[in-house]
Amino acid sequence: MAKRSELPSQRRMERPISDDSLIRRCLAGEASAWNELVEKYARLVHAIGRNQGLPSTEADDLVQVVFLKLWRRLSTIREESKLSSWLITTTRREAWRLRSGARVAYSSSLRLEEGLESGPPATEAVDPAESERWERRALVDQALRTLGDPCASLLRALFSDQTEGKYDEIARSLGMKIGSIGPTRARCFAKLETILRDLGLEA
Amino acid sequence: MTNRSVTLEDVLAWIAGERTGDEASAIMRAVERDPALAAHARLARAVGEATAAGPLPDVSPEVIRAAQSIFRAPAKPSIIDRATAAIAELLFDSRLAPALVRDRTISGYQLGYRAGATDIDLEIQKPAAGSGGAHRLVGQIVPETQAVADVDLIDASTGRVVHSLRTGSDGHFEVQCAPGRYRLRVELLSTEREPSLLEVQELDVG
(Lines give C-alpha, C1' and ligand atoms only; values in the text may rest on other atoms or scores of the structure.)
Protein backbone atom coordinates (compact mmCIF):
# COMPACT_ATOMS: atom_id res chain seq x y z
CA MET A 1 0.00 0.00 0.00
CA ALA A 2 1.40 3.33 -1.00
CA LYS A 3 2.30 5.71 1.79
CA ARG A 4 -0.18 8.57 1.94
CA SER A 5 1.10 12.08 2.00
CA GLU A 6 0.24 14.18 5.05
CA LEU A 7 -3.47 14.78 5.10
CA PRO A 8 -5.06 17.76 6.75
CA SER A 9 -7.20 15.49 8.89
CA GLN A 10 -4.03 14.17 10.51
CA ARG A 11 -2.82 17.59 11.54
CA ARG A 12 -3.59 18.84 14.97
CA MET A 13 -4.99 22.35 15.01
CA GLU A 14 -5.24 24.69 17.93
CA ARG A 15 -8.62 26.17 18.59
CA PRO A 16 -8.47 29.96 18.10
CA ILE A 17 -8.67 32.06 21.24
CA SER A 18 -11.54 34.53 21.27
CA ASP A 19 -10.96 38.28 21.43
CA ASP A 20 -13.08 38.47 24.58
CA SER A 21 -10.80 36.02 26.29
CA LEU A 22 -7.67 37.87 25.17
CA ILE A 23 -9.06 41.21 26.36
CA ARG A 24 -10.05 39.72 29.70
CA ARG A 25 -6.54 38.37 30.16
CA CYS A 26 -5.00 41.71 29.15
CA LEU A 27 -7.12 43.47 31.74
CA ALA A 28 -5.93 40.97 34.30
CA GLY A 29 -2.36 42.03 33.50
CA GLU A 30 -1.26 39.20 31.20
CA ALA A 31 1.29 40.59 28.78
CA SER A 32 1.21 37.40 26.68
CA ALA A 33 -2.44 38.03 25.86
CA TRP A 34 -1.59 41.52 24.65
CA ASN A 35 1.22 40.10 22.53
CA GLU A 36 -1.28 37.72 20.94
CA LEU A 37 -3.69 40.56 20.21
CA VAL A 38 -0.94 42.52 18.50
CA GLU A 39 0.16 39.48 16.49
CA LYS A 40 -3.42 38.83 15.53
CA TYR A 41 -4.37 42.31 14.34
CA ALA A 42 -1.19 44.21 13.38
CA ARG A 43 -1.35 42.91 9.80
CA LEU A 44 -4.92 44.10 9.45
CA VAL A 45 -4.13 47.59 10.77
CA HIS A 46 -1.10 47.86 8.53
CA ALA A 47 -2.97 46.60 5.47
CA ILE A 48 -5.80 49.10 5.98
CA GLY A 49 -3.24 51.88 6.30
CA ARG A 50 -1.58 50.83 3.04
CA ASN A 51 -4.97 50.52 1.40
CA GLN A 52 -5.72 54.08 2.49
CA GLY A 53 -2.67 55.28 0.62
CA LEU A 54 -0.13 55.52 3.41
CA PRO A 55 3.49 54.69 2.62
CA SER A 56 4.89 51.72 4.52
CA THR A 57 6.70 53.77 7.19
CA GLU A 58 3.55 55.73 7.99
CA ALA A 59 1.57 52.51 8.15
CA ASP A 60 4.15 51.34 10.71
CA ASP A 61 3.42 54.47 12.76
CA LEU A 62 -0.28 53.85 12.34
CA VAL A 63 0.09 50.43 13.97
CA GLN A 64 1.59 52.08 17.06
CA VAL A 65 -1.07 54.77 17.30
CA VAL A 66 -3.94 52.31 16.90
CA PHE A 67 -2.59 49.82 19.42
CA LEU A 68 -1.90 52.57 21.91
CA LYS A 69 -5.51 53.63 21.58
CA LEU A 70 -6.61 50.04 21.90
CA TRP A 71 -4.63 49.58 25.07
CA ARG A 72 -6.21 52.68 26.54
CA ARG A 73 -9.69 51.54 25.53
CA LEU A 74 -9.57 47.85 26.34
CA SER A 75 -12.03 47.89 29.20
CA THR A 76 -14.64 49.89 27.33
CA ILE A 77 -14.27 47.93 24.10
CA ARG A 78 -15.05 44.78 25.98
CA GLU A 79 -18.32 46.28 27.07
CA GLU A 80 -19.24 48.21 23.95
CA SER A 81 -18.34 46.49 20.76
CA LYS A 82 -16.62 43.87 18.76
CA LEU A 83 -12.87 44.37 18.74
CA SER A 84 -12.34 43.88 15.00
CA SER A 85 -15.01 46.46 14.12
CA TRP A 86 -13.51 48.95 16.54
CA LEU A 87 -10.04 48.39 15.14
CA ILE A 88 -11.16 48.82 11.54
CA THR A 89 -13.04 52.04 12.30
CA THR A 90 -10.23 53.47 14.41
CA THR A 91 -7.58 52.51 11.86
CA ARG A 92 -9.48 54.14 9.01
CA ARG A 93 -9.92 57.28 11.06
CA GLU A 94 -6.27 57.49 12.09
CA ALA A 95 -5.11 56.69 8.57
CA TRP A 96 -7.24 59.54 7.33
CA ARG A 97 -5.53 61.87 9.78
CA LEU A 98 -2.08 60.81 8.62
CA ARG A 99 -3.01 60.90 4.96
CA SER A 100 -4.61 64.31 5.18
CA GLY A 101 -1.51 65.70 6.80
CA ALA A 102 -3.33 66.40 10.03
CA ARG A 103 -0.95 66.93 12.88
CA VAL A 104 -0.92 63.77 14.93
CA ALA A 105 0.74 64.93 18.07
CA TYR A 106 1.34 61.99 20.27
CA SER A 107 -0.47 63.62 23.12
CA SER A 108 -3.46 64.08 20.86
CA SER A 109 -3.37 60.48 19.83
CA LEU A 110 -3.52 59.57 23.48
CA ARG A 111 -6.81 61.37 23.87
CA LEU A 112 -9.46 58.78 23.87
CA GLU A 113 -12.36 60.39 22.12
CA GLU A 114 -10.80 62.93 19.84
CA GLY A 115 -11.58 60.80 16.84
CA LEU A 116 -15.23 61.43 17.46
CA GLU A 117 -14.71 65.16 17.69
CA SER A 118 -12.60 65.71 14.63
CA GLY A 119 -12.84 62.62 12.52
CA PRO A 120 -12.87 62.36 8.76
CA PRO A 121 -15.49 64.26 6.81
CA ALA A 122 -18.64 62.46 5.79
CA THR A 123 -17.20 61.47 2.42
CA GLU A 124 -14.38 59.72 4.27
CA ALA A 125 -16.61 58.08 6.83
CA VAL A 126 -16.21 54.36 7.26
CA ASP A 127 -18.52 52.50 4.92
CA PRO A 128 -20.14 49.63 6.87
CA ALA A 129 -19.90 47.33 3.84
CA GLU A 130 -16.22 48.03 3.47
CA SER A 131 -15.70 47.55 7.17
CA GLU A 132 -17.44 44.20 6.87
CA ARG A 133 -15.21 43.21 3.95
CA TRP A 134 -12.08 44.00 5.98
CA GLU A 135 -13.47 42.10 8.93
CA ARG A 136 -14.16 39.05 6.76
CA ARG A 137 -10.77 39.27 5.11
CA ALA A 138 -9.06 39.39 8.51
CA LEU A 139 -11.08 36.42 9.78
CA VAL A 140 -10.36 34.32 6.71
CA ASP A 141 -6.69 35.27 6.85
CA GLN A 142 -6.53 34.31 10.49
CA ALA A 143 -8.40 31.05 9.86
CA LEU A 144 -6.04 30.11 7.03
CA ARG A 145 -3.01 30.84 9.21
CA THR A 146 -4.52 28.64 11.93
CA LEU A 147 -5.22 25.93 9.38
CA GLY A 148 -1.62 26.02 8.17
CA ASP A 149 -0.03 24.44 5.13
CA PRO A 150 -0.48 22.56 2.91
CA CYS A 151 -4.23 23.20 3.30
CA ALA A 152 -3.94 26.99 3.47
CA SER A 153 -1.78 27.22 0.35
CA LEU A 154 -4.05 24.85 -1.51
CA LEU A 155 -7.21 26.77 -0.65
CA ARG A 156 -5.63 30.15 -1.39
CA ALA A 157 -4.44 28.88 -4.74
CA LEU A 158 -7.74 27.29 -5.69
CA PHE A 159 -9.86 30.24 -4.61
CA SER A 160 -7.69 32.98 -6.05
CA ASP A 161 -6.70 31.35 -9.34
CA GLN A 162 -9.55 31.17 -11.82
CA THR A 163 -7.42 30.37 -14.84
CA GLU A 164 -7.62 27.17 -16.82
CA GLY A 165 -4.84 24.74 -16.12
CA LYS A 166 -4.59 25.90 -12.52
CA TYR A 167 -4.70 22.28 -11.32
CA ASP A 168 -1.47 21.48 -13.18
CA GLU A 169 0.26 24.47 -11.66
CA ILE A 170 -1.05 23.80 -8.16
CA ALA A 171 -0.20 20.11 -8.34
CA ARG A 172 3.32 21.02 -9.40
CA SER A 173 3.90 23.71 -6.78
CA LEU A 174 2.40 21.74 -3.88
CA GLY A 175 3.75 18.37 -4.97
CA MET A 176 0.32 16.73 -5.21
CA LYS A 177 -1.32 14.44 -7.72
CA ILE A 178 -3.91 16.23 -9.83
CA GLY A 179 -6.53 13.62 -8.94
CA SER A 180 -6.16 14.29 -5.23
CA ILE A 181 -6.63 18.05 -5.42
CA GLY A 182 -10.45 18.04 -5.45
CA PRO A 183 -10.93 15.65 -2.49
CA THR A 184 -8.14 17.37 -0.52
CA ARG A 185 -9.71 20.75 -1.16
CA ALA A 186 -13.00 19.49 0.29
CA ARG A 187 -11.31 18.10 3.41
CA CYS A 188 -9.31 21.29 3.89
CA PHE A 189 -12.38 23.45 3.40
CA ALA A 190 -14.34 21.45 5.97
CA LYS A 191 -11.57 22.18 8.50
CA LEU A 192 -11.54 25.85 7.52
CA GLU A 193 -15.30 26.00 8.08
CA THR A 194 -14.86 24.74 11.63
CA ILE A 195 -12.20 27.35 12.38
CA LEU A 196 -14.23 30.15 10.82
CA ARG A 197 -17.27 29.21 12.87
CA ASP A 198 -15.10 29.19 16.02
CA LEU A 199 -13.97 32.67 15.04
CA GLY A 200 -17.55 33.79 14.60
CA LEU A 201 -17.94 33.91 10.82
CA GLU A 202 -21.26 32.40 9.90
CA ALA A 203 -22.35 31.48 6.42
CA MET B 1 -24.67 13.55 -11.12
CA THR B 2 -28.34 12.60 -11.00
CA ASN B 3 -27.43 9.14 -9.75
CA ARG B 4 -25.55 10.25 -6.66
CA SER B 5 -25.84 12.90 -4.00
CA VAL B 6 -24.06 16.22 -4.32
CA THR B 7 -21.01 16.49 -2.06
CA LEU B 8 -19.02 19.36 -0.61
CA GLU B 9 -16.39 18.64 -3.27
CA ASP B 10 -19.02 19.18 -5.97
CA VAL B 11 -20.16 22.44 -4.41
CA LEU B 12 -16.61 23.79 -4.18
CA ALA B 13 -15.90 22.83 -7.77
CA TRP B 14 -19.13 24.51 -8.85
CA ILE B 15 -18.31 27.71 -6.94
CA ALA B 16 -14.86 27.66 -8.54
CA GLY B 17 -16.47 27.50 -11.98
CA GLU B 18 -15.19 24.00 -12.67
CA ARG B 19 -18.63 22.51 -13.36
CA THR B 20 -20.67 23.54 -16.36
CA GLY B 21 -23.85 22.60 -18.20
CA ASP B 22 -26.14 19.94 -16.73
CA GLU B 23 -23.69 19.15 -14.00
CA ALA B 24 -23.65 22.76 -12.78
CA SER B 25 -27.47 22.94 -12.95
CA ALA B 26 -27.81 19.78 -10.87
CA ILE B 27 -25.48 21.12 -8.21
CA MET B 28 -27.31 24.44 -8.16
CA ARG B 29 -30.67 22.69 -7.65
CA ALA B 30 -29.19 20.60 -4.84
CA VAL B 31 -27.82 23.71 -3.14
CA GLU B 32 -31.23 25.37 -3.39
CA ARG B 33 -32.90 22.34 -1.79
CA ASP B 34 -30.39 21.52 0.92
CA PRO B 35 -29.68 24.14 3.64
CA ALA B 36 -26.43 22.43 4.60
CA LEU B 37 -25.10 22.61 1.05
CA ALA B 38 -26.34 26.19 0.79
CA ALA B 39 -24.33 27.07 3.94
CA HIS B 40 -21.20 25.50 2.42
CA ALA B 41 -21.76 27.49 -0.77
CA ARG B 42 -22.23 30.80 1.06
CA LEU B 43 -19.11 30.29 3.12
CA ALA B 44 -17.12 29.22 0.07
CA ARG B 45 -18.13 32.42 -1.73
CA ALA B 46 -17.16 34.49 1.31
CA VAL B 47 -13.78 32.77 1.48
CA GLY B 48 -13.32 33.25 -2.25
CA GLU B 49 -13.97 37.00 -1.96
CA ALA B 50 -11.71 37.33 1.06
CA THR B 51 -8.82 35.44 -0.51
CA ALA B 52 -9.07 37.21 -3.86
CA ALA B 53 -7.09 40.16 -2.47
CA GLY B 54 -4.36 37.82 -1.22
CA PRO B 55 -3.13 37.25 2.32
CA LEU B 56 -2.67 40.23 4.61
CA PRO B 57 1.02 41.14 4.25
CA ASP B 58 3.33 40.49 7.17
CA VAL B 59 4.41 43.40 9.36
CA SER B 60 8.04 43.81 10.35
CA PRO B 61 9.02 42.24 13.69
CA GLU B 62 10.24 45.66 14.87
CA VAL B 63 6.76 47.14 14.44
CA ILE B 64 5.18 44.17 16.21
CA ARG B 65 7.62 44.45 19.12
CA ALA B 66 7.04 48.19 19.44
CA ALA B 67 3.26 47.66 19.61
CA GLN B 68 3.69 44.85 22.12
CA SER B 69 5.86 47.08 24.30
CA ILE B 70 2.91 49.42 24.82
CA PHE B 71 1.45 46.98 27.32
CA ARG B 72 1.86 47.66 30.99
CA ALA B 73 0.19 45.65 33.71
CA PRO B 74 -2.58 47.62 35.41
CA ALA B 75 -1.25 49.63 38.32
CA LYS B 76 -2.14 48.46 41.80
CA PRO B 77 -4.24 51.06 43.64
CA SER B 78 -1.82 53.12 45.64
CA ILE B 79 -4.24 55.46 47.35
CA ILE B 80 -4.54 54.92 51.08
CA ASP B 81 -7.24 57.42 51.80
CA ARG B 82 -8.69 60.59 50.34
CA ALA B 83 -6.08 62.74 52.05
CA THR B 84 -3.27 60.97 50.21
CA ALA B 85 -2.66 61.61 46.56
CA ALA B 86 -2.63 58.57 44.31
CA ILE B 87 0.74 58.30 42.65
CA ALA B 88 0.40 58.54 38.90
CA GLU B 89 2.42 55.83 37.20
CA LEU B 90 4.56 56.72 34.21
CA LEU B 91 3.26 54.71 31.27
CA PHE B 92 4.92 56.34 28.35
CA ASP B 93 8.02 58.43 27.78
CA SER B 94 8.64 59.27 24.15
CA ARG B 95 12.35 59.74 24.86
CA LEU B 96 12.57 56.03 25.65
CA ALA B 97 10.22 54.81 22.92
CA PRO B 98 11.35 53.35 19.63
CA ALA B 99 11.87 56.00 16.98
CA LEU B 100 8.84 54.95 15.03
CA VAL B 101 6.55 55.62 18.00
CA ARG B 102 7.67 59.20 18.37
CA ASP B 103 5.73 62.06 16.96
CA ARG B 104 8.08 63.71 14.53
CA THR B 105 6.06 66.90 14.32
CA ILE B 106 6.82 68.34 17.72
CA SER B 107 9.97 69.75 19.24
CA GLY B 108 10.09 68.19 22.67
CA TYR B 109 8.78 65.04 24.27
CA GLN B 110 5.63 63.40 25.57
CA LEU B 111 4.87 61.68 28.83
CA GLY B 112 1.81 59.62 29.72
CA TYR B 113 0.76 58.87 33.32
CA ARG B 114 -2.09 56.94 34.84
CA ALA B 115 -3.65 56.83 38.29
CA GLY B 116 -6.76 54.72 38.72
CA ALA B 117 -9.02 55.37 35.76
CA THR B 118 -7.51 58.78 35.02
CA ASP B 119 -4.75 59.54 32.55
CA ILE B 120 -2.54 62.59 32.50
CA ASP B 121 -0.91 63.24 29.13
CA LEU B 122 1.88 65.79 29.04
CA GLU B 123 3.83 67.35 26.22
CA ILE B 124 6.96 69.31 27.09
CA GLN B 125 7.86 71.66 24.28
CA LYS B 126 11.31 73.18 23.96
CA PRO B 127 11.61 76.96 24.32
CA ALA B 128 10.55 78.92 21.29
CA ALA B 129 12.66 81.82 20.07
CA GLY B 130 12.00 84.88 22.23
CA SER B 131 10.41 82.91 25.05
CA GLY B 132 13.23 83.67 27.45
CA GLY B 133 14.17 80.01 27.77
CA ALA B 134 10.82 78.94 29.21
CA HIS B 135 9.48 75.53 28.26
CA ARG B 136 5.84 75.04 27.48
CA LEU B 137 4.07 72.31 29.40
CA VAL B 138 0.83 71.24 27.71
CA GLY B 139 -1.36 68.83 29.61
CA GLN B 140 -4.54 66.90 29.14
CA ILE B 141 -6.58 65.02 31.76
CA VAL B 142 -8.44 62.05 30.34
CA PRO B 143 -11.26 61.14 30.21
CA GLU B 144 -12.38 64.64 29.30
CA THR B 145 -15.91 64.01 30.54
CA GLN B 146 -14.77 64.13 34.15
CA ALA B 147 -11.56 66.02 33.73
CA VAL B 148 -12.02 69.48 35.22
CA ALA B 149 -9.23 69.75 37.73
CA ASP B 150 -7.11 72.08 39.79
CA VAL B 151 -3.49 71.62 38.85
CA ASP B 152 -0.49 72.64 40.94
CA LEU B 153 3.01 72.60 39.47
CA ILE B 154 5.36 72.21 42.41
CA ASP B 155 9.11 72.80 42.42
CA ALA B 156 10.47 69.42 43.54
CA SER B 157 13.49 70.89 45.34
CA THR B 158 11.66 73.54 47.39
CA GLY B 159 8.13 72.12 47.57
CA ARG B 160 6.85 75.53 46.48
CA VAL B 161 3.87 75.77 44.15
CA VAL B 162 5.12 77.68 41.11
CA HIS B 163 1.90 77.53 39.09
CA SER B 164 -1.65 76.91 40.15
CA LEU B 165 -4.43 76.77 37.61
CA ARG B 166 -7.72 75.17 36.70
CA THR B 167 -8.06 73.14 33.53
CA GLY B 168 -10.54 73.92 30.82
CA SER B 169 -13.77 71.95 30.68
CA ASP B 170 -12.02 69.47 28.41
CA GLY B 171 -9.21 68.85 30.89
CA HIS B 172 -6.66 70.85 28.90
CA PHE B 173 -4.07 73.09 30.52
CA GLU B 174 -0.84 74.88 29.62
CA VAL B 175 1.91 76.56 31.63
CA GLN B 176 5.32 78.06 30.92
CA CYS B 177 8.12 76.95 33.20
CA ALA B 178 11.88 77.00 33.56
CA PRO B 179 13.88 73.81 33.17
CA GLY B 180 13.96 71.76 36.37
CA ARG B 181 12.38 68.99 38.39
CA TYR B 182 8.74 69.31 39.35
CA ARG B 183 5.80 67.50 40.85
CA LEU B 184 2.35 67.87 39.43
CA ARG B 185 -0.60 67.64 41.76
CA VAL B 186 -4.02 67.23 40.19
CA GLU B 187 -7.32 67.44 42.04
CA LEU B 188 -10.23 66.21 39.99
CA LEU B 189 -13.24 68.40 40.65
CA SER B 190 -15.94 66.72 38.64
CA THR B 191 -15.45 63.06 39.34
CA GLU B 192 -17.23 60.79 41.75
CA ARG B 193 -14.61 58.14 41.30
CA GLU B 194 -11.66 57.46 43.50
CA PRO B 195 -9.01 58.68 43.57
CA SER B 196 -9.71 62.36 43.11
CA LEU B 197 -6.26 63.56 44.13
CA LEU B 198 -3.42 62.47 41.85
CA GLU B 199 0.25 63.25 41.80
CA VAL B 200 2.99 63.00 39.23
CA GLN B 201 6.01 62.75 41.51
CA GLU B 202 8.86 63.14 39.06
CA LEU B 203 8.52 65.50 36.18
CA ASP B 204 11.69 66.59 34.43
CA VAL B 205 11.41 69.67 32.28
CA GLY B 206 14.25 70.54 29.97
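**Figure 1. Close-up of R185(A) and E18(B).** The side chain of R185(A) makes a polar contact with the side chain of E18(B), at 2.9 Å. The model shown in this and the following views is predicted. R185(A) lies in helix α10 of chain A. With a relative accessible area of 3%, R185(A) is buried, because buried means under 20% relative accessible area. Leaving aside residues up to four places away in sequence, R185(A) touches residues of both chains: L154(A), L155(A), L158(A) and Y167(A) from chain A, and E9(B), L12(B), A13(B), A16(B) and E18(B) from chain B.

**Figure 2. Close-up of the disulfide between C151(A) and C188(A).** The sulfur atoms of C151(A) and C188(A) are 2.1 Å apart. This pair links distant parts of the chain: C151(A) is in helix α8 (residues 151-160) of chain A, and C188(A) is in helix α10 (residues 178-199) of chain A, 37 residues apart. A disulfide is a covalent bond between the sulfur atoms of two cysteines. The torsion about the S-S bond of C151(A) and C188(A) is about -75°, so this disulfide is left-handed. Both C151(A) and C188(A) are buried. Over all chains, the structure holds 1 disulfide.

Figure 3. The cut-off for a buried residue is under 20% relative accessible area.

**Figure 4. Close-up of the salt bridge between E49(B) and R136(A).** The side chains of E49(B) and R136(A) meet at 3.3 Å, N to O. Across the interface of chain A and chain B there are 4 salt bridges. Between chain A and chain B, 12 residue pairs are in polar contact, counting pairs with both residues at pLDDT 80 or more.

**Figure 5. Close-up of the side of chain A that touches chain B.** At least two residues of this side come from each of α1 (19-27), α2 (31-51), α3 (56-80), α5 (106-110), α7 (128-147), α8, α9 (166-174) and α10 of chain A. By class, this side of chain A has 31 nonpolar, 8 polar and 18 charged residues. In the contact between the chains, 57 residues of chain A meet 51 residues of chain B. Chain A and chain B bury about 5,000 Å² between them, and 63% of this area is on carbon and sulfur atoms.

Technical notes:
Residues are numbered from 1 along each chain as its sequence is written. Chains are lettered from A and ligands numbered from 1 in the order in which they are written. This is a predicted model: local features need pLDDT of at least 70, side-chain atom pairs count only at pLDDT 80 or more; totals for chains, interfaces and linings use all residues. Side-chain values use heavy atoms; hydrogens and water are left out. A disulfide is a pair of cysteine sulfur atoms within 2.5 Å. Helices (H or I, at least four residues) and strands (E, at least two) are DSSP runs, numbered from the N terminus. Buried means under 20% relative accessible area, exposed over 50%, partly exposed in between (1.4 Å probe, protein chains only). A polar contact is a pair of N or O atoms within 3.5 Å; within protein, one must be able to donate a hydrogen and the other to accept it, and residues adjacent in sequence count only if both atoms are side-chain atoms. Contact means heavy atoms within 4.5 Å. Buried area is the accessible area (1.4 Å probe) that two parts lose on being put together, summed over both. Ala, Val, Leu, Ile, Met, Phe, Trp, Tyr, Cys and Pro count as nonpolar, Asp, Glu, Lys and Arg as charged, and the others, Gly among them, as polar.
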